[in-house]
Amino acid sequence: MSDVLVLNFSYEPLNVTRVARAVRLVYAGKAEIVHDRGRLSSPTVVFRLPCVIRMLYYITRGRKRVALTKKNVLLRDDYRCGYCGRPIDNRSATVDHVTPKSAGGKSIWTNLVAACGECNARKRNRTPEEARMPLRVKPAEPRYIPFVVVKRHTAAHEWTRYLNLYTISIRERME
């Protein structure tokens, strides 16, 4: 794994960066290594390869919005169909417009829901009421989800203590 978790001065996750960038931040005196994944040595120098780094000053971040993508809609709905509630595998996952585009439905968070292929085909170009397929959960725009949540299934073991806030489901964080 060549990714490094970057923590703010207060130990909250900021983002994920590449090892080369993390090493530059450490040796420029802007960050410190919290966890390393080993050492790289030459005849004259030994380098620690970072896994988690912490910035040595606080970085203020403005409120961000979650990008509206298929993957983020599926993450928001926890890979469960909004109509039948069954888990969806990545291959058969679709995103359905609750109000179809042909009826004026827009591609916005409150009009998109994860759907399995069977439910999406059954609903076709109708509203849930017309198709008699009520939604199990009302779609809503999630709060900002750091990049590390999108990569939650690929996070290094050392990252877990800093990501414990993000182990609850996205739906729970929205409420």
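**Reading the model**

Guide: Begin with a single side chain: Arg-91 has a relative accessible area of 78%, which makes it exposed. Keep in mind throughout that this is a predicted model.

Visitor: Which residue forms a salt bridge with Arg-91?

Guide: The general idea is that side chains of opposite charge can pair when their charged atoms come close. Here the partner is Asp-89, and the closest N and O atoms of the pair are 3.4 Å apart. Asp-89 is partly exposed, at 35% relative accessible area.

Visitor: How many salt bridges does a search of the whole structure find?

Guide: The search finds eight. Another of them joins Lys-123 to Asp-96, at 3.2 Å from N to O. Lys-123 belongs to helix H3 and Asp-96 to strand E5, so this pair ties together parts that are 27 residues apart in sequence.

Visitor: Are the residues of that pair buried or exposed?

Guide: The cut-off for buried is under 20% relative accessible area. Lys-123 is buried, with a value of 0%, and Asp-96 is buried as well, with 5%.

Visitor: Which residues are linked in a network of salt bridges?

Guide: The network links Asp-36, Arg-39 and Arg-48. Within it, Arg-39 and Asp-36 have their closest N and O atoms 3.6 Å apart. Arg-39 is exposed, with a relative accessible area of 55%, while Asp-36 is partly exposed, with 25%.

Visitor: Now the fold. What pattern does the chain follow along the sequence?

Guide: The chain has six helices and six strands. Read along the sequence, they come as β-β-α-β-β-α-β-β-α-α-α-α.

Visitor: What is the order of the strands in the open sheet of four?

Guide: The general idea is that strands of a sheet pair through backbone hydrogen bonds, either parallel or antiparallel. In this open sheet the order is E2-E1-E4-E3, and the pairing is mixed. Strand E2 (13-18) and strand E3 (31-41) are the edge strands, each pairing on one side only. From one strand to the next, the twist averages 30°.

Visitor: Which helix packs on the sheet?

Guide: Helix H1 (residues 19-27) does, touching strand E1 (3-7), E2, E3 and E4. The direction of H1 makes about 85° with that of E4.

Visitor: In which sense do E1 and E4 pair, and how do E3 and E4 run?

Guide: E1 and E4 pair in the parallel sense, over three bridges. E3 and strand E4 (residues 46-55) run antiparallel and are joined by eight bridges.

Visitor: Which residues make the nonpolar surface patch of about 360 Å²?

Guide: Before that, one general idea about strands: in a regular strand the side chains alternate between the two faces of the sheet. The patch is made by Tyr-27, Leu-40, Val-45 and Phe-47. Of these residues, Leu-40 has its place in strand E3, and it counts as partly exposed because its relative accessibility is 48%.

Visitor: Where do residues other than glycine have a positive phi?

Guide: Tyr-79 is one case, with phi near 50°; it lies in the loop between helix H2 (70-76) and strand E5 (93-97). Arg-124 is another, again with phi near 50°, and its loop runs between helix H3 (117-123) and helix H4 (128-131). Arg-124 counts as exposed, at 57% relative accessibility.

Visitor: To finish, what share of the chain do buried residues make up?

Guide: Buried residues make up 39% of the 175 residues. The accessible surface of the chain comes to about 10,600 Å², and carbon and sulfur atoms account for 53% of it.

Visitor: How much of the contact between residues at least 6 apart in sequence joins residues at least 24 apart?

Guide: Among those contacts, the share is 61%.

Terms used. Residues are numbered from 1 along each chain as its sequence is written. This is a predicted model: local features need pLDDT of at least 70, side-chain atom pairs count only at pLDDT 80 or more; totals for chains, interfaces and linings use all residues. Side-chain values use heavy atoms; hydrogens and water are left out. Two strands pair if DSSP finds at least two bridges between them. Helices (H or I, at least four residues) and strands (E, at least two) are DSSP runs, numbered from the N terminus. Axes are lines fitted to C-alpha atoms, for helices over the stretch in contact, and angles run from 0 to 180 degrees between N-to-C directions. Contact means heavy atoms within 4.5 Å. Buried means under 20% relative accessible area, exposed over 50%, partly exposed in between (1.4 Å probe, protein chains only). Accessible areas come from the Shrake-Rupley method with a 1.4 Å probe; for residues, only the protein chains shown count as cover. Patches are made of residues with over 30% relative accessible area and no salt bridge: like charges are joined within 9 Å, nonpolar side chains (Val, Leu, Ile, Met, Phe, Trp, Tyr) within 5 Å. A salt bridge is a side-chain nitrogen of Lys or Arg within 4 Å of a carboxyl oxygen of Asp or Glu.
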